Amino acid sequence: MSTDSLQLKKLWPLPIFLGVGFFAAWLASLLASRLGTGKGFLAVGTLIVALPMCLLGAVALRRGIRSLHGLLQNMAWWHWLWILAWTSGFVLRERDAHAIKDSPTDAAATYRIILVVCVGLVLLLRLGLRRTLWLRSLFRGLVAGVAVYAVFSVLTTLWSVYPALTLYKSLEYLIDVALLAAILVVVRSTEDYKQFFDWTWTLYAILLATVWIGLIVAPQLAWEHGFYTGALGHRLVGVLPEQDYNRVGDIGAMLSLIALSRLLSMAKRNVNRLGYIFVFLVSFAAVILSQTRSALAGFAFGALLLLLFSKRAGVPAFLVFAVIPIVVLSGAGAVVWTFLARGQQHAQLASLSGRMVWWVPAWHVFLLHPLGGLGAYAAGRFAVLAKLGYTNTSTLHSDYLEMLVGNGILGPVPVVVSLVGCWYVLIRSVRRFAVESMERQLTLEAIAILALLSVRSVLMTILVAHPPLHFLVVLGWAEFLRRRARVLVPASVPQPAFRAVASSWLDPAST
C-alpha cells in the first residue's frame with residue numbers, strides 16, 4: 001500500500017468519505033437533471049463516480065494544504081504584492097459603457113484602484129530606498145517588450161477617446177510588468193522560481209474552487225443561459241468573484257495542463273499523483289461545462305507539445321492515426337461535433353461566434369487611425385463596441401486587434417517580440433536540461449501554458465489585460481533562463497568582463 005493510502009486511512013475515516021460521497025452524488029444528480037435526464041439512474045451512476053472522486057479529492061486536499069503551508073512559510077514581500085495584483089483583478093460587478101462614463105468610479109472600482117496603487121507605491125518605495133533596483137530589469141530582455149507597450153499605452157492618453165480610462169488601465173498594466181521585473185531581481189534560484197510557479201497556480205486554483213463552490217451554493221447563478229449554449233443548455237460561470245465562461249475555460253485548461261505536465265515530467269519523483277489526477281479531472285470538467293472551444297483547442301495544443309517534448313510522441317501518433325479516425329467515422333463524431341457547435345449554424349461558426357461583427361468595424365477604425373490608434377484600453381470599447389450597441393462588452397476579444405485599435409500599427413509589435421522571444425528561449429532551453437531536472441519540468445509547464453495563451457490571445461484579450469499573471473510568470477521564467485545563460489558565460493571570457501556581468505545580478509544591494 002502506498003504512503004498516501006496509509007495516511008489517508010488514518011486521517012479520513014470511512015464515514016466522512018461516505019457522507020461526502022452521497023453529497024457529491026446528490027450534486028451530480030442535480031446537475032444531470034438540468035440536462036433533462038432521469039434522476040434515479042443518474043444518482044446510482046454518479047455515486048459510483050463520486051466515491052473515487054472524493055478519495056482523490058481527500059488526497060489532493062491533504063497534500064494541497066501541506067504544499068500551501070510550505071508556500072506560506074517561505075513568503076517574501078513580493079508574494080504579498082502578487083496577491084494584491086491577483087485580487088485587484090476580481091470582478092465584483094459589471095457596468096456598461098454608459099455607466100462608466102456617467103460615474104467613472106464606484107465602490108468596486110475604488111477597491112481595485114486602491115490595491116493597484118498599493119502595489120505601485122511599494123515598488124516605488126523599494127526602488128527609492130534602493131532595496132530592490134528593478135528599473136533596469138524592467139527594460140531588459142523579454143520583459144522590455146511588454147514594458148515598452150505599457151509605456152506607449154500611457155502616451156496614448158494624450159489622444160484617447162477616453163483619457164481617464166486609458167491612463168488608469170495603462171498604468172495598471174505597467175505596474176504588473178514592473179512587479180515581474182522586481183521579482184526577477186530578487187529570485188535567484190530555480191527552487192525559488194518553482195515556488196513562484198506554485199504560488200501563481202495556487203491562486204488560479206483558488207479561483208477555480210470558487211467556481212465550484214458557487215455551483216453548490218447558488219446553482220441558479222452558476223449556470224448562464226442564453227445564446228450558443230448548445231446541447232447542455234447552459235455554461236458554467238463563476239459567481240463570486242464574477243468569472244464569465246471564457247475565464248472559467250481558461251483557468252480550467254491551464255490547471256489541466258499543469259496537472260498533466262507534472263504527471264508526465266515528475267513520474268519518477270515523490271509526486272502527489274492522485275492529487276494531480278484529481279486536479280486534472282476537476283479542471284477539465286470546468287472546461288467542458290464552460291463550453292469554451294478555444295480554451296479546449298489551446299489545451300489540445302499545449303498537451304500535444306507536452307507529449308512531444310516529454311518524448312512520448314507515440315501517444316499523439318496513436319491519437320492521430322487510430323483514435324481520431326474512429327471517433328470521426330463512428331456515431332461519437334456526431335456527438336463531439338454537436339457539442340463543439342454549441343447550437344450554432346455554419347454562418348455563425350464562420351463569424352467566430354459573432355466576433356467578426358466586432359472585428360470588421362474595428363479594422364476600419366484602425367485604418368482611419370493607423371499610427372497612434374484611439375487610446376489603449378478605451379478605443380475598442382468606446383470607439384467600436386459602444387457605437388455598435390454592445391455596451392456591456394469590454395474588449396474586442398482579441399489581443400492583437402485591441403492593440404491595433406488602441407495603439408496603432410506599432411502597438412502589437414513589442415508584445416509580439418516578447419511573445420516570440422519567449423517561445424524561442426523555452427524551446428531552445430527544454431532540450432538542454434536533464435529529463436528529471438526541475439528546470440526541464442518548469443520549462444515544459446511554461447511551454448504548455450504559453451501554447452494555451454497563444455491560441456487564446458487570437459480570440460480573447462488575455463496577454464495585455466490586468467492582471468495577466470499566467471503570462472507574466474511564463475515570460476518571467478523565459479527571461480530568468482535568458483539572464484542566467486548570460487551570467488554563466490564560458491571560461492574563455494576574460495574574468496573582469498564576467499565579474500561586470502555577474503555583479504549586476506549578484507549585488508546584495510539589489511535585494
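The legends below accompany an overview and several close-up views of a predicted model.

**Figure 1. Overview of the predicted protein chain.** The protein chain contains 24 helices and two strands. Of its 511 residues, 50% count as buried. The chain exposes about 23600 Å², and carbon and sulfur atoms supply 71% of this area. When contacts between residues at least 6 apart in sequence are considered, 77% of them join residues at least 24 apart.

**Figure 2. The salt bridge between Glu445 and Arg262.** A search of the whole structure finds nine salt bridges, and one of them pairs Glu445 with Arg262. The closest N and O atoms of this pair are 2.5 Å apart.

Figure 3. Helix α12 has 21 residues and reaches 30 Å from its first C-alpha to its last. This span is close to the 30 Å expected at 1.5 Å a residue. Of the 21 residues, 19 are buried, so helix α12 is largely enclosed by the rest of the structure.

Figure 4. Side chains of opposite charge can pair when their charged atoms come close. Glu479 forms a salt bridge with Arg482, with 2.9 Å between the closest N and O atoms. Glu479 and Arg482 are three residues apart in helix α23 (residues 469-487), and are therefore separated by about one helical turn. Glu479 also pairs with Arg483, where the closest N and O atoms are 2.5 Å apart. Arg483 and Glu479 lie four residues apart in helix α23, again about one turn of the helix. An α-helix has 3.6 residues a turn, so residues three or four places apart point the same way. Glu479 is buried, with a relative accessible area of 0%, and Arg483 is buried at 5%.

Figure 5. Arg140 is found in the loop between α7 and α8. Its C-alpha is 8.9 Å from that of Glu479, although Arg140 and Glu479 are 339 residues apart in sequence. At 14% relative accessibility, Arg140 counts as buried. Phe139 is found in the loop between α7 (135-138) and α8 as well, but Phe139 is partly exposed, with a relative accessible area of 43%.

Figure 6. The patch covers about 660 Å² and is made by Leu135, Phe139, Val148, Val151, Leu155, Leu158 and Trp159. Helix α8 (residues 141-155) supplies the largest share of the patch, three residues.

**Figure 7. The largest nonpolar core and the surroundings of Leu123.** The largest nonpolar core has 100 residues. Those with the most contacts inside the core are Trp82, Leu123, Tyr173, Tyr193, Leu426, Phe471 and Trp477. Helix α9 (residues 163-186) gives the most to this core, with 13 residues. Leaving aside neighbours within four places in sequence, Leu123 is in contact with Trp77, Leu81, Trp134, Ile175, Ala178, Leu179 and Ala182. Another core, of 15 residues, lies apart from the largest one and has Trp359, Ala362, Ala379 and Leu385 among its members.

**Figure 8. Ile462 in the loop between α22 and α23.** Ile462 is found in the loop that runs between α22 and α23. At 7% relative accessibility, Ile462 counts as buried. When neighbours within four places in sequence are left aside, the contacts of Ile462 are Asp250, Asp399, Leu453, Arg456, Ser457, Pro468 and His470. Of these, Asp399 is 63 residues from Ile462 in sequence, and the two are 6.5 Å apart in space, C-alpha to C-alpha.

Technical notes
Residues numbered from 1 in each chain as written. Predicted model: local features only at pLDDT ≥ 70, side-chain atom pairs only at ≥ 80, totals over all residues. Heavy atoms only, no water. Salt bridge = Lys/Arg side-chain N within 4 Å of Asp/Glu carboxyl O. Buried < 20%, exposed > 50% of the residue type's maximum accessible area, 1.4 Å probe, protein only. Patch = residues over 30% accessible without salt bridge, like charges linked within 9 Å, V, L, I, M, F, W, Y side chains within 5 Å. Areas by Shrake-Rupley, 256 points an atom, 1.4 Å probe, with all protein chains shown as cover. Expected span 1.5 Å × (residues − 1). Core = buried A, V, L, I, M, F, W, Y, C linked by side-chain atoms within 4.5 Å. Contact = heavy atoms within 4.5 Å.
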